[in-house]
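Subject: Structure handover

Hello,

Please find the structure below. My notes on its aromatic rings and on some of its helices follow.

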Amino acid sequence: MPPLRSHTKSRKGCDQCRTRKVKCDEKGPPCSNCTARELTCTYLKVAAARTASQTAPLPHAKDVSRKGWDGNSNSNANANGNGTGAGAGTGNGKELLDAPFLESELMILELMHKFSTETFRSLCVSASELEVWQTSVPNLALKHEFLMNGILALAAMHIASSLESSDALKYLDIGLQRYNRSLKPFRDAIDSLTSQNCDAVFAHSIIMTAIGIASPRLTEIRDENLSMTESMVVVFELLQGVKKIIQVGVGQSWINLELFSRGEFWKNSSTSLDTDTESAMVQLERLNDEIMTGIYASQHQINREIIAHLRHCYTKFKIEPEPAPVLAWLAAVRKEFVESLRCRHPFSLLILMYWGVLLGELDGRRWWARDAGRALVTELLGALRPGDPRWQPALTWAQRRMSIEGT
C-alpha cells in the first residue's frame, strides 16, 4: 500500500524507491514504501552518503526552534529563538535527522486548533457525534501517535483546501507527511487489535478514508495526477483490517465511541429508492447475473453481496444524507473485490462507479468530498469505454447523474 507523496525530492532514497521513481521517506531500512509492499529494502547505491548524513552533528536547539515546517525561516516560530521546535530538547536526535520537515510548535497548535474548531465537524454524521470527534478522539490521540498524525494531516489538508495554490502547498505537504507517518503504526495496530487500541483504530480509519478521498483533488495544485481509483484501492486496503471491529462479533463490544457503526445504521430499512436509482440498481444486478457467470461464478456471488450492500447504503443516504452511508460501503466489501479492483477488472470498476455516484452526493456537504465523486466517475468512464455494449446504459446513467458531458 503506497503512501501519498509530498513534493520534496528524495536524495537518499532506497534502491527500490529510486528504481520505481517514487518518493522514499528515507527512514529505512526498511522505508514505509518497502514495508507496505513487503519488499527487501536496500541502500546499496547511497550507503556512503546516508552514513555520512546520519553521523552529522545535531542542530542546536536554538537553530531548530527558529525554523518552521520546512526547515526555513518561518514567522510561526518565535522570532527571538527562545521557542523549541518539534522534537528539540527531547534527546531524540534520530527523529530530528529523519524528519523531512521540522514543524514549529505554533504550526502544530494551529493544526490542532483547526481540527478542534472546524475539521472535526466534517466527520460527524449527527449532533450526537460532535463531542466524540471534538473531545474524545483528540484525547485518544494523546495515547496513540498514529491517530494524532491522522488528526494533524486532515487538519492541514482542510487548511490547504481553502487557500490559493501557492499558499496551500505548505499545508498540503505537511498533511501528506503526517499521513505517511501514520501508515505503518496504524497497520501494526490493526494487526494487533486490543480493547485498548480499538477505538483509536476505528476513529483513524474514518480519518484515513476522508484523506484518501480528498488527496487526489488537492494534489492537483501541484499539477500532479493522482488517480482517484488507485487512491480508493488504498482506502479499501486500509479498511480491510478494520472490518472485524465494526462487524457484529466480539470486536463490536470493544468499541466505546458512539459513532455510526453503532445503533440503527446496519439494520435494514423499509424506505424505497427513487425510481431512477432503483432502475439503475436493478440494471446493475441484472448485468452481474448475465456477465459474471461461468468462470466468474465465485466473483458473481461476491458482487451480489456488494451490490446489495450498495443498495442499502443508497437507501440509508436517502433517509439521512450524511457521510455514514457513503463510507460504510468501503468498509463492507470483501478482500476478493479489492483484489479485483487492483487488477482493474471491468465489472468491479463498474460497481465502483455506482458508488462514485453516491460519493458525489456529498459534494457541497463535506469539504473532503468536493468534486471527488465526479472525478472518480469521469476517470472510470474513460477506463470502461469502449467496453461490453451490454453495460452502456449503466455508464450512461452514471454520466447523467453526475452531469458529465460526453466522453
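Rings of Phe, Tyr and Trp (its six-membered ring) count as a pair if their centres lie within 6.5 Å; planes under 30 degrees apart are called stacked, over 60 edge-to-face and the rest tilted. This is a predicted model, in which local features need pLDDT of at least 70 and side-chain atom pairs count only at pLDDT 80 or more, while totals for chains, interfaces and linings use all residues. Residues are numbered from 1 along each chain as its sequence is written, and side-chain values use heavy atoms, with hydrogens and water left out.

The structure holds seven aromatic pairs. Phe-236 and Phe-337 have ring centres 6.4 Å apart and planes at 85 degrees, so their pair is edge-to-face. Phe-236 lies in helix H11 and Phe-337 in helix H16, 101 residues apart. (Helices are DSSP runs of H or I, at least four residues, numbered from the N terminus.) Phe-236 is buried (under 20% relative accessible area), at 0%. Phe-337 is also buried, at 0%.

The rings of Trp-329 and Trp-355 have centres 5.9 Å apart and planes at 20 degrees, so this pair is stacked. It links helix H15, which holds Trp-329, to helix H17, which holds Trp-355. Both Trp-329 and Trp-355 are buried. Phe-236, Trp-329, Phe-337 and Trp-355 form one aromatic cluster.

Regards

Conventions
Helix = DSSP H or I, 4+ residues; strand = E, 2+ residues; numbered from the N terminus. Buried < 20%, exposed > 50% of the residue type's maximum accessible area, 1.4 Å probe, protein only.
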